[in-house]
Amino acid sequence: MLKIAVAKGRVAEKLNALLMDTRDYKDIMDLNSRKLVFVSEEKEIVFFLVKPSDVPVYVGCGAADVGIVGKDVLMESKSSAYEIMDLKTCKCRIVLAGPSEKSGVRPIVRKIATKYPRIASEYFNKKSEPVEIIKLDGSIELAPIVGLSDAIVDIVESGNTLRENGLIVYENICDITARMIANKVSYKMKNKSISIFASAVSDVVEGGGTCAQNVVMGG
Amino acid sequence: MQSFGIPHGMRDILPVESSRRTILQEKLRQYMHSCGFDRIETPLFEYYELFSGGISPVEDESIVKTIDRDGRVVVLRPDMTIPTVRVASTKLKGQKKPLKLFYMGNIYRSDKKNRGAGREFTQVGAEIYGCSSKWLDLETIIMAKEGFRVAGIADYKIDIGHVGIIKGIFEEMRLPEEKKAHIISLISEKNLVELENVVLTLPLSSKNKEIIYKLPSLFGKPEDVFRSIDGIAVNETIRGSVDYLLQIYRKCKDMGLGTNIIIDAGMTGNMKYYTGLIFKAYAHGAGDVVISGGRYDGMMKEMGSDTAAAGFAIYVDNMLEAVVNKNPEQYEQKILVIYEEGKFIEALRYSEDCRKAGVRVNMVNSGDVSDPELYSKEYGYDEIVNFKE
C-alpha cells in the first residue's frame with residue numbers, strides 16, 4: 001500500500017484535477033465528501049488529507065511514503081524528505097509587501113509579520129538587513145494596517161488580497177509551486193510503486209514533470 | 001505535587017520497551033564480540049574541537065554544547081566514530097593492525113531535520129583499522145547484514161555508493177567549493193527540480209551538465225545501474241570507483257545477498273569524512289536509515305594516522321521499529337515469592353537457589369502486597385510460591 005499525504009485545500013484540489021487526467025488514479029479522491037482518507041485497494045494506494053505544514057512531518061517519519069505540498073511549506077520546515085517532482089501547479093510567490101508608497105522606493109522595514117519566520121529571516125540575513133520577525137498564523141495583511149509591523153512576508157497568488165488591503169509588493173522573494181516529496185527510506189524500499197505513481201502524475205503535469213525517477217529500478 | 005518534566009528531545013524508556021531494547025542490544029553485542037571485535041567505551045562529553053573543522057558528520061548547530069569549568073567548550077558526543085578514531089590513533093596507536101573495535105552507547109544531536117525532534121539516540125557500531133581495501137569494506141557489509149539477521153529482520157536493503165564517483169565528476173569541472181557543496185547536497189537530496197535550476201546557470205559543457213543531472217537517478221538494481229553507468233564514467237577516478245563497486249557487489253552476490261543490494265551512484269556523504277565506499281541500510285517498518293557506514297581513510301589522515309579505516313553504526317531506535325516480533329521470544333520463568341516474617345530465611349534460600357538456576361525471582365514480604373494474585377498478574381509471573389508460618 002502506497003501512502004500519500006496530501007496538503008488540504010488548494011493543493012489537494014489541483015492534485016485531484018491532475019489525477020482526473022490519469023488513467024489509474026481518477027475518482028479515488030472525492031473532495032466534496034468530508035472524508036480524510038481515500039483508499040483504492042485495487043491500485044494499492046491510499047490518499048489522506050492533512051494540514052499543509054504537517055505533510056513534511058508525515059513523510060519525514062515514514063507515516064506517509066509520498067507527500068504533495070507547496071514549496072513554501074518545504075522551505076519553512078527544512079524537510080528531510082526527497083523532493084522528487086515539481087507539479088508546476090498552485091503557482092504563487094512569496095513576497096515582501098507593505099503599505100503603498102508614493103515615492104516608489106521601498107521604505108526601510110524593521111518589523112516583519114509573517115507565517116514564514118524561517119524564510120523571512122533567511123531572506124533578510126542574506127541582505128544583511130536587521131529586522132524583527134513577528135510570527136503570525138493568519139490574516140497577515142492586517143499587521144501593517146494596525147501598526148503591528150512595517151511590512152509582511154507572505155504568499156500571494158493574484159495579489160488581490162494585498163490590493164484590497166492597501167498593500168503593494170515591495171520585492172519578490174521566491175516562486176512557489178506544489179511539489180511531490182518522498183520519504184528517503186520508502187524511495188528505496190518501495191521505489192517501484194512510487195515510480196508508477198510519480199510517472200503517472202508526471203505524464204499529466206504541464207510540460208512534463210521533471211522527476212528523479214530512475215529508469216533502471218525494477219524492484 | 002510539582003510535575004517533573006524532562007528536557008525537550010529526551011525520553012524515558014519504560015520497562016516493556018527497555019527489555020526489548022536490552023535484548024536487541026545484547027544480541028548485537030554478542031554478534032560483534034563473536035566476530036573478534038573488542039568493545040571500547042568513550043566518554044559522553046568530548047571537547048568541541050574534536051567535532052569541528054568539517055570532519056563532523058553532523059552540522060555544527062545540531063551539536064549539544066556546554067562550557068566546562070576551565071572555560072573550554074565541551075559537547076555531548078554527536079557521533080561515536082570520531083571518539084573511537086581518537087582512541088585508536090592515540091592510546092591504541094601501538095596496537096598491531098588490523099584493529100577491530102566496537103561500541104554501544106548514546107549519541108546526542110539536536111537536529112531540527114530529525115523526525116520527532118528527538119535528541120538522544122542509541123548506537124551500536126563497529127570500526128576496523130588497517131585492513132586492505134576490499135576486505136575492509138566487505139566485512140562492514142557482512143556485519144550490517146548479520147545485524148539484521150540477529151535482530152530478526154528479513155525485509156531490508158543495503159544501499160551502496162562510492163564518494164569517488166562524485167569526486168571524479170568534479171575533477172572534470174572547475175567550480176568554487178561552495179557551488180560544489182550545494183550541488184552535492186542537491187544530488188544527495190535527489191532534488192532534480194533545484195538541481196536543474198542550479199546547473200543551468202553554471203559555465204559547464206553540456207556533457208558535464210548532463211552527467212550531473214543524470215546522477216541522482218542512477219540507483220536501483222545493481223545490474224541495471226552498472227549497465228547504465230558507463231555514460232558517466234569519463235575519467236579514471238570514476239571508472240575506478242565503479243569497478244570497485246562492481247567487485248564488492250559480486251562478492252555480495254556470492255554471499256547470497258544479491259537481492260538485498262541497491263547501488264546508488266548518486267549517494268554522497270561528508271567528503272572530508274568519507275573517502276571510498278559508503279552505504280546505508282533500510283528496513284521495512286523503519287521510517288529512517290537503520291545502518292549507515294563507510295570508508296573514512298580521509299578522517300584518519302586528518303587525525304594524524306595513515307591507515308585504512310571503515311565502520312558502520314546501527315541506529316538501535318530505528319532498528320527496533322523494524323523488528324517484526326514486538327514480543328521478544330526469549331522466555332524466562334518468573335516466580336513471585338511471598339514470605340511471612342518467620343519464614344524469611346527459608347524463602348531466601350529457596351529464591352537464591354532458583355536465581356542460580358536462571359529463574360527470575362521477586363521476593364516480597366506478605367505485608368507489602370495486599371493482593372498477590374493481582375500483583376502477579378500485572379507483572380506477568382508464572383507462579384506464586386508462598387512461605388507461610
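Start by selecting helix α4 of chain B: what covers its buried residues includes β7 (156-162), α5 (177-188), α7 (206-214), α9 (236-254) and β10 (277-283) of chain B. Contact here means heavy atoms within 4.5 Å, and buried means under 20% relative accessible area, with exposed over 50% and partly exposed in between (1.4 Å probe, protein chains only). Helices (H or I, at least four residues) and strands (E, at least two) are DSSP runs, numbered from the N terminus.

The model is predicted: local features need pLDDT of at least 70, side-chain atom pairs count only at pLDDT 80 or more, and totals for chains, interfaces and linings use all residues. Residues are numbered from 1 along each chain as its sequence is written, chains are lettered from A and ligands numbered from 1 in the order in which they are written, and side-chain values use heavy atoms, with hydrogens and water left out.

**Helix α4 of chain B**

Stay on residues 163-171 of chain B. Seven of the nine residues of this helix are buried, so α4 is largely enclosed by the rest of the structure. To show them, pick Val163(B), Gly164(B), Ile165(B), Ile166(B), Gly168(B), Ile169(B) and Phe170(B).

**Aromatic rings**

Next, show the aromatic side chains. Rings of Phe, Tyr and Trp (its six-membered ring) pair if their centres lie within 6.5 Å; planes under 30 degrees apart count as stacked, over 60 as edge-to-face and the rest as tilted. The count by this rule is 14 aromatic pairs over all chains. Select Phe148(B) and Tyr156(B): the ring centres are 4.3 Å apart and the planes at 10°, so this pair is stacked. Phe148(B) is buried, at a relative accessible area of 0%, and Tyr156(B) is buried as well, at 8%.

Move to chain A for a cluster: ring pairs link Tyr25(A), Phe47(A) and Phe197(A).

**Charges over rings**

Return to chain B. A charge sits over a ring if NZ of Lys or CZ of Arg is within 6 Å of the ring centre and within 35 degrees of the ring normal. Select Tyr47(B) and Arg72(B): the arginine lies over the face of the ring, 3.5 Å from its centre. Then select Tyr381(B), where the charged end of Lys334(B) sits over the ring at 5.0 Å from the centre.

Glu49(B) is partly exposed at 42%, and Arg72(B) is partly exposed at 36%.

**Further salt bridges in chain B**

Which residue forms a salt bridge with Arg21(B)? Select Asp317(B), with the closest N and O atoms 3.1 Å apart. Arg21(B) belongs to helix α1 (residues 15-34) and Asp317(B) to helix α11 (residues 316-322) of chain B, so to speak distant parts of the chain, 296 residues apart. Arg21(B) is buried at 5% relative accessibility, and Asp317(B) is buried at 16%.

Now go to Lys253(B) and Glu223(B), a salt bridge with its closest N and O atoms 3.2 Å apart. Lys253(B) is in helix α9 and Glu223(B) in helix α8 (residues 222-228) of chain B, 30 residues apart. Lys253(B) is partly exposed at 45%, as is Glu223(B) at 35%.

**Between the chains**

Show both chains. The contact takes 31 residues from chain B and 28 residues from chain A. Buried area is the accessible area (1.4 Å probe) that two parts lose on being put together, summed over both; between chain B and chain A it is about 2300 Å², with carbon and sulfur atoms giving 62%. The count between the two chains is four salt bridges. Then select the network of salt bridges that links Lys71(A), Glu83(A), Asp86(A), Arg179(A) and Glu194(B).

**Chain A as a whole**

Of its 219 residues, 52% count as buried.

How values were computed: Salt bridge = Lys/Arg side-chain N within 4 Å of Asp/Glu carboxyl O.
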